[in-house]
Amino acid sequence: MIFHKKKRSELLAQIEDKSIVLLSSGTLIKKSADENYPFSVNRNFYYLTGVDEADVILLMIKNKEQNVQELYIKKPDLMMEKWVGKTISKEEAKTRSMIDNVLYLDELSHNIEEYVKNYGLKNVYIDDESNELFRLGQNLLKKFSVLKRLHQADIYHMITKMRAIKTEEEIEAIKKAISITDKGINRMLDVMQTGIYENELEAYFDHELKDQNVKRAFTTIAAGGNRATVLHYIDNDQVINDNEMVLFDLGAAYKHYCADISRTFPINGVFTPRQKEIYEVVLLAQKNVIAAIKPGVTLAQLQDITVETYRKELKRIGLIEADSIESVRKYYYHGVSHSLGLDTHDVGIDRDEPLRSGNIITVEPGLYIEEEQIGIRIEDDVLVTDDGATVLSDMIIKEIIDIENYFRKKKV
Ligand SMILES: [Mn+2]
């Protein structure tokens, strides 16, 4: 796709002359016996190529006489094809990436040596995300000894900075993921009733995703009653009793672009007065944050707005006595926003860095009150625009009156 080609040129424009860039798609990791973990492509590699396949290498050279862009793929293995299917072909890799030169991996070592010598290359740029398991960049350096003589430079942060600003195509992909997530949530609402199991609701969400042939962005949280006070509860195996609420944190991924949505519903369709009171506080915090989003504001400032809202409101509803930041922390103990994109907790926006037009972030205040067995989180996905923000997930049911009406109509 033209998108990936454009991103490669933008990246090459930022690096020094006489440089080689090497990126790996990642490799399959063994799970047990003859089984591997599902493959998850290196997102920086995918961003630059559109190729979603294990053991593929992108090689680029910036050299004023001649730039080079090549993809290296596995040679077809006829026996493996009978067991697990074909690996990517040269034609397919070329179509997806718009890279004309697709070669086999057994030529890579020789070609690197030739390029380093013939072009007098000085720098090697590697994607060295500091992750113990995935030292993909370092592994490449170890493999090709000729690269050790070159000056090592980091390309990880250059790419993640680019990824933080979304293009039209990327915004569309995230919107698509959100719209599928919306449909999945409605499927759950249609069957939601007292006595249902968390995993049963989760299955209805998954059904929508399977129907649309997409995957989840991350492991679904479906937490009824007091389980909702555990931020990353994923057992999802308990029954939800009458008058309890159920908290969902979930999302579909479309072409690896993620939706990340949280909603909390009363299982029987009617908020108790106390549930309503707490829900309104969380919703108010979310609205205050969304209203403040514009270029220049930082994630740290958005967090302050959330805590400030809670400081006043939690005292008003009798949850805390002293309206101090410390007392708020007992009921709210995570950040309100993170970057969203090819990763659910996406890269490229630091806490104290001014937001820019084209950033997409989540807004997800919550309150977790163990002694009342109530956990509420409301999360939407928001695009930063030139003069403010657009809530990309504003079609997903959220207001108390809409939720109660949805259930009322269901019963008729
Ligand atoms: Mn989130």
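**Figure 1. Polar contacts across the interface of domain 1 and domain 2.** Eight residue pairs, both members at pLDDT 80 or more, are in polar contact across the interface of domain 1 and domain 2. On the side of domain 1 that touches domain 2, at least two residues each come from helix 1 (2–14), helix 2 (43–49) and helix 7 (156–164). Helix 7 contributes the most to that side of domain 1, with five residues. The model shown here and in the other views is predicted.

**Figure 2. Salt bridges between domain 1 and domain 2.** Three salt bridges are counted between the two domains. In the model, a salt bridge joins the side chains of Arg-163 and Asp-346, with an N to O distance of 2.9 Å.

Figure 3. The domain assignment of the protein places residues 2–164 in domain 1 and residues 168–411 in domain 2. Their contact involves 12 residues from domain 1 and 17 residues from domain 2. Taken over C-alpha atoms, the centres of domain 1 and domain 2 are 36 Å apart. About 1200 Å² is buried between domain 1 and domain 2, and 46% of this area is on carbon and sulfur atoms.

Figure 4. Four residues are shown as donors to the manganese ion: Asp-260 through OD, His-338 through NE2, and Glu-364 and Glu-379 through OE, at 2.0 to 2.3 Å. Along the sequence, these donor residues follow the spacing D-x77-H-x25-E-x14-E. Asp-260 and His-338 link distant parts of the chain, 78 residues apart. Asp-260 sits in the loop between strand 13 (257–258) and strand 14 (261–266), while His-338 sits in the loop between helix 12 (325–329) and strand 15 (360–363). Asp-260 and His-338 are both buried.

Figure 5. His-334 belongs to the loop between helix 12 and strand 15. With a relative accessible area of 17%, His-334 is classed as buried, because the cut-off for buried is under 20%. The side chain of His-334 makes a polar contact of 2.8 Å with the side chain of Tyr-368. Apart from neighbours within four places in sequence, the residues in contact with His-334 are Leu-231, Gln-303, Glu-364, Gly-366, Tyr-368 and Arg-377. One of these, Glu-364, also coordinates the manganese ion through OE.

**Figure 6. Positive phi at Lys-255 and His-256.** Lys-255 is not a glycine, yet its phi is positive, at about 50°. His-256, also not a glycine, has a positive phi of about 75°. Lys-255 is in the loop between strand 12 (252–254) and strand 13, and His-256 is in the loop between strand 12 and strand 13. Lys-255 has a relative accessible area of 47% and is partly exposed.

**Figure 7. Glu-65 and its separation from Tyr-254.** Glu-65 is located in the loop between strand 4 (57–62) and strand 5 (68–73). Its relative accessibility is 60%, so Glu-65 counts as exposed. Between the C-alpha atoms of Glu-65 and Tyr-254 the distance is 39 Å, and the two residues are 189 residues apart along the chain.

Notes:
Residues numbered from 1 in each chain as written. Predicted model: local features only at pLDDT ≥ 70, side-chain atom pairs only at ≥ 80, totals over all residues. Heavy atoms only, no water. Donors = N, O, S within 2.8 Å, 3.2 Å for Na, K, Ca; no water. Helix = DSSP H or I, 4+ residues; strand = E, 2+ residues; numbered from the N terminus. Buried < 20%, exposed > 50% of the residue type's maximum accessible area, 1.4 Å probe, protein only. Domains from an automatic or database assignment. Contact = heavy atoms within 4.5 Å. Buried area = accessible area lost by both parts, 1.4 Å probe. Salt bridge = Lys/Arg side-chain N within 4 Å of Asp/Glu carboxyl O. Polar contact = N/O pair within 3.5 Å; in protein donor to acceptor, adjacent residues only side chain to side chain.
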